[in-house]
Amino acid sequence: MRKPLGKGLDALLGEVAQSQSPQSGDGLKEVPISQVKPNPNQPRKIIDEDSLATFAESIKQQGVMHPITVRRIDDGTYQIIMGERRWHAARIAGLPAVPIIERQATDSEAMVLALVENLQREDLNPYDAAVALQSLQEEHGFSQEEVASAIGKSRSTISNSIRLLNLHKSVHDLLRSGELEEGSARALLALPEQSQPSVAQRVVKNRLSVRETENLVRRHNKSKVTKRTNPDTLRLEEELSDALGAGVNITQRGKRGGYLRIQYRNLEQLQSIIERIKNSGTG
């Protein structure tokens, strides 16, 4: 896939890190907070109010310790690239102005930097993190290796996170609200999609641990006609899922063979899956 950016992800992040270093004062200034606007494509959809209030109190006492990275937009104001949480906290604290570093960035570069900053902070909810990771790959053309290197995670962690998007929408809602933890959500991937909502509700209601959730899923699957406890089958599912960038379910029916099901969310992802299958035969 051709990258839409003219530079690699590490190079792009390196430029920002250098521009924000204490030794470099170029571009650092204070502007009225009213001239700074949030990014409409901010990957963080939910901000913890209690945490934000605590942060605002700290800013009220000490000020904004790290400048907000922005770019100038057509109406003469500034759009936040990185530091939106600082901006929100500064507003709550009643600061009239905030320190900024202005840099040139295309729409695509600004989106990538915002995504990576949030992922590096490790406080995105698992669903929004998965959406951000998928966006870096599918919309901005970065490989899983590049994304993993940029945010300091393993490739398998990136792959497992993106697989969460194959869960039922109601499970996504539980992930975003924090009612369901990521490990338990991953265990639910072994269930047919139609079974996931009811099992997820049982996990939340009974406050089951990840291990207890895994046991519940195994019991649920054993009660069905199909059994999916074969470790070789699970390994093949993971390998195919990594290769195709999509959820994969293998159902065995004894000596009669079985079924291979590939999940996709939209036509764009389906096209991507088809291209990967075609290209696998020409490598």
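Gln79 is part of strand β4, which spans residues 78-82. The model described here is predicted. With a relative accessibility of 11%, Gln79 counts as buried, because buried means under 20% relative accessible area. Leaving aside residues up to four places away in sequence, Gln79 touches Lys37, Pro38, Asn39, Pro40, Thr69, Val70, Arg71 and Ile73.

Arg71 and Ile101 are 30 residues apart in sequence, while their C-alpha atoms are 8.3 Å apart in space. Ile101 sits in strand β5, residues 97-102. Its relative accessibility is 3%, so Ile101 counts as buried.

| Residue | Relative accessibility | Class |
|---|---|---|
| Gln79 | 11% | buried |
| Ile101 | 3% | buried |
| Arg207 | 76% | exposed |

Arg207 is found in the loop between α10 (196-205) and α11 (210-222). Its relative accessible area is 76%, so Arg207 is exposed, since exposed means over 50%. The backbone at Arg207 has a positive phi of about 50°, although Arg207 is not a glycine. Most residues other than glycine have a negative phi.

**A strand pair**

Strand β6 covers residues 248-252, and four of its five residues are buried. Its partner is strand β7, residues 258-262. The two strands run antiparallel and are joined by five bridges. Within this pair, Asn249 stands opposite Arg261 in β7. In a regular strand the side chains alternate between the two faces of the sheet.

**Nonpolar cores**

The largest nonpolar core has 19 residues. The members that touch the most other members are Leu167, Val171, Leu175, Leu180, Ala185, Leu188 and Val199. At least two residues of this core come from each of α5 (126-138), α8 (169-177), α9 (182-188), α10 and α11. Among the contributors, α10 gives the most, with four residues. The loop that holds Arg207 lies between α10 and α11, and both of these helices supply residues to the core.

Which residues does Ala185 touch, not counting residues up to four places away in sequence? They are Leu164, Leu167, Leu175 and Leu180. Of these, Leu167, Leu175 and Leu180 are listed, like Ala185 itself, with the core members that touch the most others.

Technical notes: Residues numbered from 1 in each chain as written. Predicted model: local features only at pLDDT ≥ 70, side-chain atom pairs only at ≥ 80, totals over all residues. Heavy atoms only, no water. Buried < 20%, exposed > 50% of the residue type's maximum accessible area, 1.4 Å probe, protein only. Contact = heavy atoms within 4.5 Å. Pairing = 2+ DSSP bridges. Core = buried A, V, L, I, M, F, W, Y, C linked by side-chain atoms within 4.5 Å.
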